[in-house]
Amino acid sequence: MNLTVNGVSREVGSAPLTTLLDVLREELGVTSAKAGCEQGGCGSCTVLVDGEPQRACLTAVGAFDGAEVTTVEGIGTADALSPIQQAFTHHYAAQCGFCTGGMLMAAVAYIERGGTDDREAIQEALAGHVCRCTGYVKIIDAVAAAARGDSFDLSTTASSAGMTNLGGVS
Ligand code: FES
Ligand code: FES
């Protein structure tokens, strides 16, 4: 079967019942989606499939033949952060970074749907995404800022970017 992952066509040899998360991480080496609960309850594995957020730990890859999958690696790099990554950096919305890949992809989907900086709407869009570190306030601040189209001077706030999942690493 075939997936288009971050714009690149990839042949997949894993068995059809292998989870999309395992295919991304173990076969294709795309590691920004994290294995947290592996039961659908934490959101750390969230990626976009044909533009919609999906829990990659719950989904058998065989259901997605021909689909387009987008992960953090597809939205920006450590040297060229996307607007939502810049917002997370500026607002210190990532600490350990384990939840961050899933949060970012849910936020991307929310903003692409026309989501605004309404905090309740953002909370709803991120429902089910668990963060053990930040207390969520800074994450909501970051998504609201990105939804508004704020711009940032990261020269004073980017020092944490290399330590987190913002660039899709680790
Ligand atoms: S690892 Fe998929 S929801 Fe927790
Ligand atoms: S930043 Fe550590 S779990 Fe969210």
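**View 1. Helix H5 in the predicted model.** Helix H5 has 12 residues and reaches 17 Å from its first C-alpha to its last, close to the 16 Å expected at 1.5 Å a residue; the model shown here and in the following views is a predicted one. The helix is mostly covered, since 9 of its 12 residues are buried. These buried residues are Ile 139, Ile 140, Asp 141, Ala 142, Val 143, Ala 144, Ala 145, Ala 146 and Ala 147, and they pack against helix H2 (83-90), H3 and helix H4 (119-125). After H5 comes Gly 149, which has a positive phi, near 85 degrees.

**View 2. The packing of helix H3 with helix H5.** Helix H3 (residues 100-112) and helix H5 (residues 137-148) pack at an angle of about 35 degrees, and their axes are 10 Å apart. The crossing in which H3 passes H5 is right-handed. On the H3 side the contact is made by Met 103, Ala 107, Tyr 110 and Ile 111, which meet Ile 139, Val 143, Ala 146 and Ala 147 of H5. The residues of this contact comprise 8 nonpolar, no polar and no charged. Among the H5 residues named here, Ile 139, Val 143, Ala 146 and Ala 147 also belong to the buried set of that helix.

**View 3. The open sheet and the pairing of strands E1 and E2.** The sheet is open and is formed by 5 strands in the order E2-E1-E5-E3-E4, with mixed pairing. Strand E2 (8-11) and E4 are the edge strands, each of which pairs on one side only. Neighbouring strands of the sheet are turned against each other by 40 degrees on average, direction ignored.

**View 4. The hairpin of strands E3 and E4.** Strand E3 (residues 46-49) and strand E4 (residues 52-55) pair in the antiparallel sense over 4 bridges. Within this pairing, Arg 55 in E4 is the bridge partner of Thr 46. The hairpin has 2 residues between the strands, and in this hairpin Asp 50 takes a positive phi near 50 degrees.

Note on methods: Residues are numbered from 1 along each chain as its sequence is written. Chains are lettered from A and ligands numbered from 1 in the order in which they are written. This is a predicted model: local features need pLDDT of at least 70, side-chain atom pairs count only at pLDDT 80 or more; totals for chains, interfaces and linings use all residues. Axes are lines fitted to C-alpha atoms, for helices over the stretch in contact, and angles run from 0 to 180 degrees between N-to-C directions. A crossing is left-handed if the near helix is turned anticlockwise from the far one by less than a right angle, and right-handed if clockwise. Two residues are in contact if their C-beta atoms, placed from the backbone, lie within 7 Å. Ala, Val, Leu, Ile, Met, Phe, Trp, Tyr, Cys and Pro count as nonpolar, Asp, Glu, Lys and Arg as charged, and the others, Gly among them, as polar. Two strands pair if DSSP finds at least two bridges between them. The expected span of a helix is 1.5 Å times one less than its number of residues. A residue is buried if 20 or more other C-beta atoms lie within 10 Å of its own, exposed if 12 or fewer, and partly exposed in between; C-beta atoms are placed from the backbone.
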